Amino acid sequence: MEVVKEAVKSKLKISEDVMITVAKLAALDVKGVASLAGEISKLKKNGPIKIKMMGDVAAIDISIIIKNTEKACVVAQDVQSAVKENVQNMTGVAVARVNVTISGVVFE
């Protein structure tokens, strides 16, 4: 007699705090980004990075401050690409969109 074991399905959950940290580091690594607009808060709704989960897919809103020596449009596109790529690669969570708001300019 053969015993057949049913496969156990497991589920992995990624914390929003982890995705916020990955997005923050990716954005700050982009040339032309001076800082994030505001402080990373324990209250996720008040910080410069907001993540909305739609099922298994994330939508990310991020507010940045750019350097005056860079073109705003280019910096925003680079931030979108970097955040999307890093969050997807490091967490395995699909990212539907990354909305970038430029909240200020720093003159150096």
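**Exercise 1. Determine how α1 and α2 are oriented to each other, and which residues form their contact.**

Solution. In this predicted model, helix α1 (residues 16–28) and helix α2 (residues 72–91) pack at an angle of about 140°, and their axes lie 8 Å apart. Here helices (H or I, at least four residues) and strands (E, at least two) are DSSP runs numbered from the N terminus, while axes are lines fitted to C-alpha atoms, for helices over the stretch in contact, with angles running from 0 to 180 degrees between N-to-C directions. Angles under 35 degrees count as roughly parallel, over 145 as roughly antiparallel, 65 to 115 as roughly perpendicular and the rest as oblique; α1 and α2 are therefore oblique to each other.

The next step is the contact itself, where contact means heavy atoms within 4.5 Å. On the α1 side it is made by Val 18, Met 19, Val 22, Ala 23, Ala 26 and Ala 27, and on the α2 side by Val 79, Ala 82, Val 83, Asn 86, Val 87, Met 90 and Thr 91. These residues divide into 11 nonpolar, 2 polar and no charged, given that Ala, Val, Leu, Ile, Met, Phe, Trp, Tyr, Cys and Pro count as nonpolar, Asp, Glu, Lys and Arg as charged, and the others, Gly among them, as polar.

**Exercise 2. Locate the salt bridge and state which parts of the chain the pair ties together.**

Solution. The structure holds 1 salt bridge, defined as a side-chain nitrogen of Lys or Arg within 4 Å of a carboxyl oxygen of Asp or Glu. The side chains that meet in it are those of Lys 31 and Glu 70, at 3.6 Å from N to O. Lys 31 lies in the loop between α1 and β1 (33–36) and Glu 70 in the loop between β3 (57–67) and α2, so the pair ties together parts that are 39 residues apart in sequence.

For accessibility, buried means under 20% relative accessible area, exposed over 50% and partly exposed in between (1.4 Å probe, protein chains only). Lys 31, at 66%, counts as exposed, whereas Glu 70, at 25%, is partly exposed.

**Exercise 3. State the order of helices and strands and the share of buried residues.**

Solution. The protein has 2 helices and 4 strands, which follow the pattern α-β-β-β-α-β along the sequence. Buried residues make up 31% of the 108 residues.

**Basis of the values.** Residues are numbered from 1 along each chain as its sequence is written, and side-chain values use heavy atoms, with hydrogens and water left out. Local features need pLDDT of at least 70 and side-chain atom pairs count only at pLDDT 80 or more, whereas totals for chains, interfaces and linings use all residues.
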